[in-house]
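Visitor: I am new to protein models. Could you show me how to read one?

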Amino acid sequence: SKLSREVYEAKATLSNLQAELSDKTSQNLILESKTTRQATQMEQLTREVDQLKEDKQIQQSQFKKREKLWQEEQAKAKLVENQRMVRQELEKSKESKYKQLGNNFNEILRKCKDVKNKLEFKRISKDITATHGNLEGPAFMTYSFSGKHSPRLT
């Protein structure tokens, strides 16, 4: 009886331990299931994060390309504007140079006419001196040259 009670108690303890083991095993399976689910979710999240990183890199690369293109377009526009301004300055410079050349040419032409007139005047003076003798004083001073090819008395 004492033995049977000890056996009975041992069986009861064994039964309790088996029930506890069953509970623990069940809890362990639940935890393993949760852990597996969490590991799967973690893997999925890791893939999503990696994809987001890749997408971000692609977007940054595209942005940099667009920014570079925009900068190139700005540089081209500035170059075109600078070329236009240089052309304008060249045109102004050409006009100024042509005007100056024209003025220089007119000045040279005027000087040539002056020299020609002086030479013509000297030739006419020689002709008059040869024809009428040496003219001096007021009579000679009244003689002028009109700038054309013939002398006239004033």
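Guide: We will go through this model feature by feature. Keep in mind that it is a predicted model.

Visitor: Where do I begin? How many helices and strands are in the protein chain?

Guide: Begin with the elements. The protein chain has two helices and two strands.

Visitor: Which pattern do they follow along the sequence?

Guide: Read along the sequence, the pattern is α-α-β-β. Helix α1 covers residues 2-132. Helix α2 covers residues 138-141.

Visitor: Next, the surface. What share of the residues counts as buried?

Guide: The protein chain has 154 residues, and 4% of them count as buried.

Visitor: Now the charged side chains. What is the general idea there?

Guide: Side chains of opposite charge can pair when their charged atoms come close. In this structure there are four salt bridges.

Visitor: Let us take E81. Which residue is its salt-bridge partner?

Guide: The partner of E81 is R84. Their closest N and O atoms are 2.3 Å apart.

Visitor: Where do E81 and R84 lie?

Guide: Both lie in helix α1, three residues apart. That spacing is about one turn of the helix.

Visitor: Which residue meets K94 in a salt bridge?

Guide: E91 does, at 4.0 Å from N to O. K94 and E91 are three residues apart in helix α1, so about one helical turn separates them. K94 is partly exposed, at 42% relative accessibility. E91 is partly exposed too, at 41%.

Visitor: And what is the distance between D114 and R110?

Guide: Their closest N and O atoms are 2.8 Å apart, and the two form a salt bridge. D114 is partly exposed at 33% relative accessibility. R110 is partly exposed at 40%. Four residues apart in helix α1, D114 and R110 are separated by about one helical turn.

Visitor: Which residues are joined into one network by shared partners?

Guide: The network holds E107, R110 and D114. Salt bridges that share partners join them.

Visitor: Last topic: confidence. What is the general idea?

Guide: Where pLDDT is low, the predicted coordinates should not be read in detail. Here the mean pLDDT of the protein chain is 85. A value of 70 or more is reached by 85% of the residues.

Visitor: Where is confidence lowest, and where is it highest?

Guide: It is lowest in helix α2, at a mean of 47. It is highest in α1, at 91.

Visitor: Over which residues does pLDDT stay under 50?

Guide: Over residues 137-145. For that stretch the model has 20 contacts beyond four places in sequence.

Definitions and conventions: Residues numbered from 1 in each chain as written. Predicted model: local features only at pLDDT ≥ 70, side-chain atom pairs only at ≥ 80, totals over all residues. Heavy atoms only, no water. Buried < 20%, exposed > 50% of the residue type's maximum accessible area, 1.4 Å probe, protein only. Salt bridge = Lys/Arg side-chain N within 4 Å of Asp/Glu carboxyl O. pLDDT = per-residue confidence, 0-100. Contact = heavy atoms within 4.5 Å.
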